[in-house]
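Work through these exercises with the sequence and the model side by side. Try each task before you read its solution.

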Amino acid sequence: MEVVIVPDAKAGGELIAEAMAQLLGRKPDAVLGVATGSTPLPIYAALAAKVHSGAVDVSRARIAQLDEYVGLPAEHPESYRSVLRSEVLEPLGIEMDAFMGPDGTAEDVQGACEAYDAALAAAGGVDLQVLGIGTDGHIGFNEPCSSLASRTRIKTLTEQTRIDNARFFDGDIEQVPHHVITQGIGTILEARHLVLLATGEGKADAVAATVEGPVAAVCPASALQLHPHATVVVDEAAASKLKLADYFRHTYVNKPDWQGI
């Protein structure tokens, strides 16, 4: 696992966007796995700037969704499909026919989960998966004690998560779904490159557990230690609990420029 410490969220976004641009230069039809939330927004903004400047071509790129609410219509403004349309697809100029995501409205939810895993495999797998991390170490909606071999599946949201997410639903927790579909940790680990971005002091404990702690289901993100190409990009605040921070800084400064992240 490579850890890259950057000055702030903007620098992290630009670094990851450059990795995406280089990937698309090598493989124009790459599958980019995207996450929702505020943390990855600097990535998408930086990548959109590259597209608008003509520095990168995304006309053949494909976008894959990490998770989705169960029961929200696709056109609901808070469905993750709608959020990703407005935050990723439209700014990049990518059409919905290049988008892959689980069907959160399916009557057979388990079947929809299995169908999404099959669709990812049929597309050749995810080339680069963007991840955020929760303060408890969760990735996607894989809460602590999720199986490290789990596949895409339905999960029940904790009451705290529903309270936290109520701000997106006019402050009304009754509007927040009880269930979500999420790529499992085993599914996530099949992506060829995992890039986790974390910013802010509130993520420092989770980052330290992910990078320097044991691989354990209590910190789902620690499964990234098992991946052959995982990159953790953190700002100074999120890196503040890392014992090996100076080593990570040294190795990044001295790596070959051609190597990228």
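**Exercise 1. Which residue in β8 does R153 stand opposite?**

Solution. R153 stands opposite T182 in β8. This is a predicted model: local features need pLDDT of at least 70, side-chain atom pairs count only at pLDDT 80 or more, and totals for chains, interfaces and linings use all residues. Residues are numbered from 1 along each chain as its sequence is written, and side-chain values use heavy atoms, with hydrogens and water left out.

Step 1. β7 covers 153–156, and β8 covers 179–182. Strands (E, at least two residues) and helices (H or I, at least four) are DSSP runs, numbered from the N terminus.

Step 2. Read the pairing. β7 and β8 pair in the antiparallel sense over 4 bridges. Two strands pair if DSSP finds at least two bridges between them.

Step 3. Look for another partner of β8. β4 and β8 also pair in the antiparallel sense, over 3 bridges. Here D67 stands opposite T182.

**Exercise 2. Find the order of the strands in the open sheet of 7 strands.**

Solution. Step 1. The order is β1-β10-β9-β6-β2-β3-β5, with parallel pairing.

Step 1. Name the edges. They are β1 (2–6) and β5, and each pairs on one side only.

Step 2. Check β2 against its neighbours. β2 and β3 (residues 62–65) run parallel and are joined by 4 bridges. V31 stands opposite R62, and the bridge partner of V34 is Q65. Towards β6, 2 bridges join the parallel strands, with L32 opposite L128.

Step 3. Follow the chain from β2 to β3. With helix α2 (residues 41–53), these strands make a right-handed β-α-β unit. Right-handed means that, with the strands pointing away from the viewer, the path from the first strand over the helix to the second runs clockwise.

**Exercise 3. Describe helix α4 and its buried face.**

Solution. Step 1. Check the length. Helix α4 (residues 109–122) has 14 residues and reaches 20 Å from its first C-alpha to its last. That is close to the 20 Å expected at 1.5 Å a residue; the expected span is 1.5 Å times one less than the number of residues.

Step 1. List the buried residues. They are V109, A112, C113, Y116, D117 and L120. Seen down the axis of α4, they fall within an arc of 140 degrees, so they line one face. The arc is that of the directions from the helix axis to the C-beta atoms.

Step 2. Find the cover. It includes β3, β5 (99–100), β7, β8 and α6 (185–188).

Step 3. Zoom in on V109. Its relative accessible area is 15%, so V109 is buried. Leaving aside neighbours within four places in sequence, V109 is in contact (heavy atoms within 4.5 Å) with V70, I154 and I181.

Step 4. Look past the end. Just after α4, G124 takes a positive phi of about 95 degrees.

**Exercise 4. How many aromatic pairs does a search of the whole structure find?**

Solution. Step 1. The search finds 4. Rings of Phe, Tyr and Trp (its six-membered ring) pair if their centres lie within 6.5 Å; planes under 30 degrees apart count as stacked, over 60 as edge-to-face and the rest as tilted.

Step 1. Take Y69 and Y80. This pair is tilted: 4.8 Å centre to centre, 40 degrees between the planes. Y69 is in strand β4 (residues 67–69) and Y80 in helix α3 (residues 80–92), 11 residues apart. Both are buried.

Step 2. Move on to Y80 and F141. Their pair is stacked, at 6.3 Å centre to centre and 10 degrees between the planes. F141 lies in the loop between β6 and β7, 61 residues from Y80. F141 counts as buried because its relative accessibility is 7%.

Step 3. Join the pairs. Ring pairs link Y69, Y80, F141 and F169 into a cluster.

Key: Buried means under 20% relative accessible area, exposed over 50%, partly exposed in between (1.4 Å probe, protein chains only).
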